[in-house]
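Please read the points below alongside the sequence and the model.

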Amino acid sequence: MPGAFAFTLTARDGKARSGRLQTPHGDVETPAFMPVGTRGAVRGVTQRTLEEAGASIVLANTYHLYLRPGDDLIAERGGLHRFIGWPGPILTDSGGYQIFSLGPLVKISEAGARFQSHHDGSRHELTPERVVDIQAQLGPDIAMVLDECLAAPASEAATAASLDLTLRWARRARDRFEQLRAGPVDGVTVSNPGQAQFGIVQGGIYPHLREKSAAALRAIGFESYAIGGLSVGESVETMYDVVAHTAPLLPEDTPRYLMGTGMPDDLVECVARGIDMFDCVLPTRNARNGQVFTPDGPINLRNARFARDDRPIDETCPCDTCRRHSRAYLRHLFQNREMNGGTLASVHNLVFYLDTLRRIRQAIGFGSFEQFRQDFHRRFSRTPLSS
Ligand SMILES: [Zn+2]
């Protein structure tokens, strides 16, 4: 049902915004955090647990699902929502970042990206059009365009050339998207006719390139826009500056998605600069290594000092892990490589992120976001706590 995508701002507090994103598979309250389920699964966490943790939208990856099990297979099963058993909203990343991480295995041309599979060395070519087709078949509610991702630090000249290519690719991606909307295309099953497409603002750390990118993408016209190419090695202050400069270049009345960021305090700071949507592997990846978040900062459950600690990870956390289990038990699980350790820690970290966003939305609604922000930073340390 084309037109099912809509965004309504519900409150503003400084530059922070709260809103409601409508998709064909349900609504998302923003600012929102999207747990990352690259291959259609958030590692160690079932879809039911994600729902209980308060996730309203999840992220999956086009590149990985294209290679395995393949977009044809998923389209035959009725699309990604049915295949993975997640009835709510889904966003798929284009896979640009994953493709460009292949290094010597990838060759970029005007046409697209040619690469060898990291699974079996088989040869593939992904063009901007092909990535749109694959996402049409997968059927997420939000599809991201293919963009070129540069490794940081990149020179201004290299960033400018890459941006021009990414903008030509964006134009082609939108043309293909509109072609699929207008009528059937041979060999492409449209699994979700209400799908929205987001453009991605690139331009590295160079303000005038970010301006050029945002203006060109808005001229093409997408349902909304993301900020890409950050959290790739630049300093936190630089990332905040680029977000502060770029967010106001995007439309007021559509959601702004900051890709692949970050630590809990980054989320607070980027909401303060006008961001509405986030994704990051950090809460689940760190959890599998025993690192869990508390309002005071991260702790590592493998640490010997937790061997006889009867307290939960966080006394104030509403998650099932904290209601039921002690740090001593969780440490025991990690020491013995029991997979429940990673699961229980992942549940806690996801609830920590999702609950932080819930409290942010509440504070924006009450007009007390600045107070929330100060209280959050007064306690939270980015570096792991040693006591
Ligand atoms: Zn917890």
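1. Which residues are the protein donors of the zinc ion? The model is a predicted one, and in it the donor atoms are SG of C317, SG of C319, SG of C322 and ND1 of H348. These atoms lie 2.1 to 2.3 Å from the zinc ion.

2. The geometry of the zinc site may be considered next. The site is tetrahedral, and the angles among its four donor atoms run from 99 to 121°. Since four donors count as tetrahedral if all angles lie between 85 and 135 degrees, the site of the zinc ion meets that description.

3. Along the chain, the donors of the zinc ion are arranged with the spacing C-x1-C-x2-C-x25-H.

4. Are C317 and C322 buried or exposed? C317 has a relative accessible area of 10%, and C322 has a relative accessibility of 7%. Buried means under 20% relative accessible area; therefore C317 counts as buried, and C322 likewise counts as buried.

5. Attention now turns to the largest pocket. Its volume is about 920 Å³, and 38 residues line it. Nearest the centre of this pocket lie D93, Y97, Q98, V281 and R285.

6. Which elements each supply at least two residues of the lining of the largest pocket? They are the strand β5 (58-61) and the helices α5 (96-100) and α11 (282-288). The largest share of this lining comes from α5, which gives four residues.

7. The largest cavity has a volume of about 50 Å³, and its lining consists of G37, G40, A41, V42, Q47, L50, V58, L59, A60, I84 and I90. Two or more residues of that lining are given by each of α1 (47-53) and β5.

8. β5 provides the largest share of the lining of the largest cavity, namely three residues. By class, the lining of this cavity has eight nonpolar residues, three polar residues and no charged residues.

9. One element links the two linings. β5 supplies at least two residues to the lining of the largest pocket, and β5 also contributes three residues to the lining of the largest cavity.

Technical notes
Residues numbered from 1 in each chain as written. Predicted model: local features only at pLDDT ≥ 70, side-chain atom pairs only at ≥ 80, totals over all residues. Heavy atoms only, no water. 1 Å grid on protein atoms, 1.4 Å probe; cavity = no way out; pocket = protein on both sides within 12 Å on 5 of 7 lines; lining within 4 Å. Points joined across faces, edges and corners; volume = space filled by probe spheres on them. Donors = N, O, S within 2.8 Å, 3.2 Å for Na, K, Ca; no water. Tetrahedral: all angles 85-135°; square planar, octahedral: opposite > 155°, others 65-115°. Buried < 20%, exposed > 50% of the residue type's maximum accessible area, 1.4 Å probe, protein only. Nonpolar A, V, L, I, M, F, W, Y, C, P; charged D, E, K, R; others polar.
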